Amino acid sequence: MKRKYVIIIISVVCLLIVGGLISYTILSGNSTSLFTESSSKASKDESGDDWSKYQVYDVDLGSGNVDITKAGVYNLKGTLKNGTIKVSTNDNVKLVLNGVTITSNNGPAINIVKAKNTYIELVGESKINAKTSDSLDAAIFSKDDLYLYGSGSLEVSSNKDGISSKDDLYILSGTYTINSDNDGIKGKDSVSITKGTFTITSGQDGIKTTNEEEKGEILIENGTYKITSSLTINDGKFTIVSGTKTSDESQKGLKAVKEVVLNKGTYSISSVDDAIHSNGNVIINNGNYSISSNDDGIHADSSVTIKDGEVKITNSYEGIEGYKINLEGGKITVNASDDGINVGGGNDSSGMQGGRDKFDQDSGGLLTISGGEIYVNADGDGLDSNGSIKMSGGVVHVDGPTNNGNGALDYNGTFDITGGELIAVGSSGMMQNVSSSSTQNTILVTLNSSMSGDISIGDISYSPKKQYQSVLISSSSLELNHEYTLKTGSSSQNITLTSTVTGSGSQMGAGMNNGMMNRGGRR
C-alpha cells in the first residue's frame with residue numbers, strides 16, 4: 001500500500017475572475033464542454049498543493065458532459081441534468097464545485113479514470129445524484145488518490161456507493177450529506193478524515209476500506225459524525241481524536257444509529273463524547289482498543305456485547321454502558337470516574353446533551369458475564385445495574401469506590417452467580433452481597449475500618465489498588481463449613497462459610513440476611 005503524508009496548510013482560496021478572458025470549445029468524442037480560460041492564477045490552499053503553476057478554467061455545466069484531459073483548476077458552475085464529469089490525465093486536477101447540481105442516470109456523476117491526484121474543493125452548496133453500475137459503483141468514483149475539502153457542502157445520493165476511491169481517499173474538511181444504497185464513504189487502501197461534518201445514511205457500511213491483502217486503514221482525527229447504518233469494520237488500524245471541550249455538538253469517536261460491529265483491528269480513540277456509541281447495539285468480536293473519553297467509553301442504547309479481544313478504557317466518566325451488557329470473553333480493563341460497568345444508564349449529566357439517561361430507572365436491564373478477564377476501577381459503583389446481574393463464568397475483579405455513597409456492587413433486581421471468580425472490594429456504606437438464589441459459594445466481609453494491601457483466602461488472592469472496607473469473594477473453590485483464614489492487608493481473621501451466600505451487605509443489599517459468618521479472633 002502506498003504511504004502518503006499530507007501537510008495541511010490552511011489559507012484562503014483565491015479564484016479571482018479578472019479581465020483578459022479567452023473562450024474556446026473543446027470537442028471530445030460526442031461530448032461538448034464549454035471552457036473559459038482565465039488569466040488569473042490559483043494559490044496554495046487547504047490541500048497543501050501549489051496551484052499557481054496550473055491554468056484556471058471556468059466550466060459551464062449547462063453544455064453537457066465534461067471531459068478533462070489535462071492538468072488544471074476547473075471551476076465548475078451551473079447544472080448538469082444528465083451527464084458526467086470525466087477526468088483522464090497523468091497530472092493533478094482540481095475540481096471546484098461552486099454550488100453545482102449534477103445528475104447522472106447512467107454512471108458516476110464524477111468519474112476519475114486516471115490522474116496523479118484529483119482534488120475536489122467545495123464552495124457553496126452542491127448536489128450530486130447518480131445511478132451507476134457494479135463496476136463504476138459510486139456517485140463520485142476514482143481509480144486514483146482522491147482529496148475532498150472546502151468550506152462548502154456536498155449532498156450525494158447514489159444507488160450504489162456515495163464516494164469511493166480505488167486507492168487512498170482523503171477528506172480534509174467540508175460538510176457532507178450522503179444517502180447511498182450501499183456504502184457511504186469507501187477507500188481501498190485508506191480513508192483519512194482530518195475534520196468535517198458527516199451525515200451518512202447507507203444500506204451497508206458508513207465508512208469502510210476494502211484492501212484485504214494489506215489491510216486498509218481508517219484514520220479519523222476529528223469531525224462530527226451521524227451514521228445511520230450498520231457500521232461494520234473487519235480490520236485495520238484506527239487513530240481517532242474527536243472533539244474539543246468548547247464545542248456544544250456531539251463529538252463521539254465511532255458512532256452509528258443502528259449498530260456498530262467491530263470484528264478486528266487496532267483502535268486508539270480519544271474523544272470528548274462517547275468513544276464508541278450506537279443508538280442500537282455495539283458488538284465487539286475481537287481487536288485491540290485503547291480508549292480515553294470524557295464521557296462513556298462504550299455506550300449503546302440497546303446492548304453492548306464483547307466476545308473477545310482486548311479493551312482498555314484508561315479514562316471515562318462511565319466505562320461501559322447499555323440497557324443490556326453481555327461480557328463473553330476477552331480482556332477488559334475499565335477506569336471510570338463514575339460507574340465502571342453500568343446497565344440501564346444512570347444520573348448521567350456528563351454527556352454532550354446533558355440531563356438523565358432515558359433508561360436510568362428502567363428495571364429491565366441485565367448485565368450478563370459468562371467469560372473473560374475483567375478489571376474495573378471505579379470511583380462510583382463498580383458493577384451497577386438498574387436491573388439484574390447474572391454471572392456464570394469469567395474472572396472479575398472490582399476496585400470500587402472509597403466513598404460510602406456508592407458500592408463495588410449495586411443492583412436493583414437480583415444478582416445470581418453460578419460460576420466464575422468474583423472479587424469486589426470498596427467502601428462499606430452501600431455494598432451489596434449477591435442474591436440468595438445464587439448457587440456458587442460467596443462471602444461478604446465488612447471490616448471495622450478501611451484497609452489497604454493484599455487480600456487472600458484459601459488459594460484465592462488479590463491485590464487491590466485502593467483502600468477498602470468491604471470484601472466480597474465468590475469462587476467455586478470456596479467450600480461450606482470449612483474454616484478459612486481471610487487476610488486483609490496486615491490483619492487476618494478465621495471465617496467459616498455457613499451458607500451458600502454468607503455475610504451481609506448494606507441496608508440496600510439483597511443478600512443482607514443470607515447467612516452469617518462464624519468468625520475467629522483477629523490475630
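Q: How many cavities of 30 Å³ or more does the structure hold?
A: Two. A cavity here is a set of points, on a 1 Å grid over the protein atoms alone, where a 1.4 Å probe fits but cannot get out. Grid points are joined across faces, edges and corners, and the volume is the space filled by probe spheres set on the points. The model is predicted: local features need pLDDT of at least 70, side-chain atom pairs need 80 or more, and totals for chains, interfaces and linings use all residues. Residues are numbered from 1 along each chain as its sequence is written, and side-chain values use heavy atoms, without hydrogens or water.

Q: Why roll a probe over the atoms?
A: A probe the size of a water molecule shows where empty space is left.

Q: What makes a residue part of the lining, and which residues line the largest cavity?
A: A lining residue has an atom within 4 Å of a cavity point. The largest cavity has about 90 Å³ of space. Its lining includes Ile-207, Tyr-225, Phe-238, Gly-253 and Lys-255. Strands S23 (217–220), S24 (224–228), S25 (230–233) and S27 (254–256) each supply at least two lining residues. Strands are DSSP runs of E, at least two residues long, numbered from the N terminus.

Q: How do the lining residues of the largest cavity divide into nonpolar, polar and charged?
A: Nine are nonpolar, one is polar and one is charged. Ala, Val, Leu, Ile, Met, Phe, Trp, Tyr, Cys and Pro count as nonpolar; Asp, Glu, Lys and Arg as charged; the others, Gly among them, as polar.

Q: Why are S6 and S24 called edge strands?
A: Strands pair if DSSP finds at least two bridges between them. The open sheet has seven strands in the order S6-S9-S12-S15-S18-S21-S24, with parallel pairing. S6 (79–80) and S24 each pair on one side only, and they are the edge strands.

Q: What makes S6 and S9 a pair?
A: Two bridges join S6 to S9 (residues 101–104), and the strands run parallel. That meets the threshold of at least two bridges. Leu-80 stands opposite Ile-102 in S9.

Q: Why is Thr-118 called buried?
A: Buried means under 20% relative accessible area, exposed over 50%, and partly exposed in between (1.4 Å probe, protein chains only). Thr-118 has 0%, so it is buried. This residue lies in strand S11 (residues 117–123).

Q: What makes Gly-407 buried?
A: Its relative accessible area is 0%, so Gly-407 counts as buried. The residue lies in the loop between S42 (395–399) and S43 (409–411). Its C-alpha atom is separated by 5.0 Å from that of Asp-381, 26 residues apart along the chain.

Q: Why are Tyr-119 and Tyr-147 called stacked?
A: Rings of Phe, Tyr and Trp (its six-membered ring) pair if their centres lie within 6.5 Å; planes under 30 degrees apart count as stacked, over 60 as edge-to-face and the rest as tilted. The rule gives ten aromatic pairs. Tyr-119 and Tyr-147 lie 4.6 Å centre to centre, with 20° between the planes, and are stacked. Tyr-119 is in S11 and Tyr-147 in S14 (residues 146–150), 28 residues apart. Tyr-119 is buried at 6%, and Tyr-147 is buried at 6%.

Q: What makes Phe-198 and Tyr-225 stacked?
A: The centres are 5.0 Å apart and the planes 5°, so the pair is stacked. Phe-198 sits in S21 (residues 197–202) and Tyr-225 in S24.

Notes. 1 Å grid on protein atoms, 1.4 Å probe; cavity = no way out; pocket = protein on both sides within 12 Å on 5 of 7 lines; lining within 4 Å. Helix = DSSP H or I, 4+ residues; strand = E, 2+ residues; numbered from the N terminus.
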